[in-house]
Amino acid sequence: MPNGSLTENGGLVLVAELDRTLGITAALDTGIGPVKMRDRGLSGGEFALALAAVQLCGEDHLVGFDRLRADTVGEGLLPAPVPAATTAATLAARFKQVQREGLERASSQVTARALAALPITERARILTGPVTIDLDAKDIEVYSTRKEQIVRSYKGEIAGRVHAAHWAQAGVLLAADLLDGRSDGRTQSPDQIDRAVDAARAAGATGRILFQGDSGYYSGKVAEKIVARGGLFRLGVPRSKPLWRAVARVYEDDWTDALDYPGAQVALLDYAPTGWPDGTRVIARRVRYDAAELSADPRSRRSRTVGRDQLALVLDGIADTAYAYSFIATDEELDLDEEIARAEWEFRRRTSIEELFRDTAHGAGLNHLPSGSHAVNSMWMWGALLAYNLSAWLQMLAPIGTARRRIATVRRLLIARAARWTLTARRHELHFTTAAADLIAQALARIRAHRPLLPA
């Protein structure tokens, strides 16, 4: 018979303490607003936090609600009860786009409170320095076209597509939408840009905002929206004939070595896309490859980055080497070779949003969409993203080492810790194993030290 005094998720006490310190549930309730006609049961904020807690515990399906409910002690540590899986699906279906956008606004308010816990120099770097917002999308493959807003992507996968805006310096998610597998970032991102800028400003960021995105966001309208919101942009540029002609006009002496990329060089082209904002210019990067490293297979990604004429010479044995090219459109003022190389280096290293998708897929259940309902799947996506932000807020207040840890590591070190719930002298106590007790106690003490962050 199971022992009702034991839990395998004793670290959820940290989530509860984080909620008390940062006012997460209250902020979520204010942002989300009412989701039911009658004021009983779970509120919108309580449900959103419970959903994030379920995914933070490693559950990757709606039945995870029932598993956490079965853990009587673990569930009791959270600010509100965990609903049954069927109830969770019903509640998730009540969240519309307006409630999900309210969740974004609430998250930015909590981020502002969490950033206040950082040392002064680090907080100033994040809030007053450059603000880099990365735009990207990830396909979530499923196995049924009967799910709402699920279609075959251009790769042939049956998928939904998550579009996200991630604040690189703070390491938090600002805005996100779940659309079908053929949705285009060029049409979706203008609205998301507005929401991302508003969220960053609400979190206290005052620095100049720079948006980065791959060629899926290459659009004059996207660039115009960014400029209209007072930001700068770096967007990947699809290869085209005008670009190949512009590359051919670059003098050999104008190429300069790229940073941290042996054999690569960068240069500024005398080309600007038609109809784009004033000041737009294009950075080119070239990498030399030997003939043996290039393939005639049209599916080869590397060969597609080589100009057709150069590739033909190599494949015919006339030339021994060829250059592969990549292009970036930006409106930054770049005059010196060092500035050009730096901009290209920063764009190449925009891996924080890729880490977001990797972390939520392997650590918070965003590796599939568990329901046939688009509304439920959208909230499942937000549960994973909120779990990602919870992990970030927790590490702002109670850092684990010097580097940001992934969700799976946070779960292993802090959340999935066995504990016993006891009643001694009318006092309830949670007893951890020796290995976990000190770590949990230190984290709790650090979180409680920041209680004054919560406004009265």
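Start by selecting D180 and S183: a polar atom of the S183 side chain sits 2.7 Å from the backbone oxygen of D180. Before moving on, note that this is a predicted model, where local features need pLDDT of at least 70 and side-chain atom pairs pLDDT 80 or more, while totals for chains, interfaces and linings use all residues. Numbering runs from 1 along each chain as its sequence is written, and side-chain values use heavy atoms, without hydrogens or water.

Stay on S183. You'll find S183 in the loop between strand 5 (172-180) and helix 9 (185-202). With 11% relative accessibility, S183 counts as buried (under 20% relative accessible area, with a 1.4 Å probe and protein chains only).

Next, select 407-415, which is helix 17. Here 7 of the 9 residues are buried, so helix 17 is largely enclosed by the rest of the structure. Color I407, T409, V410, R411, L413, L414 and I415 to see the buried ones. Their packing partners include helix 1 (12-22), helix 3 (44-56) and helix 18 (434-448).

Show I24, T25, L28, D29 and I32 of helix 2 with G44, G45, E46, A48 and L49 of helix 3, and you have the contact.

How values were computed. Helices (H or I, at least four residues) and strands (E, at least two) are DSSP runs, numbered from the N terminus. Buried means under 20% relative accessible area, exposed over 50%, partly exposed in between (1.4 Å probe, protein chains only). A polar contact is a pair of N or O atoms within 3.5 Å; within protein, one must be able to donate a hydrogen and the other to accept it, and residues adjacent in sequence count only if both atoms are side-chain atoms. Contact means heavy atoms within 4.5 Å.
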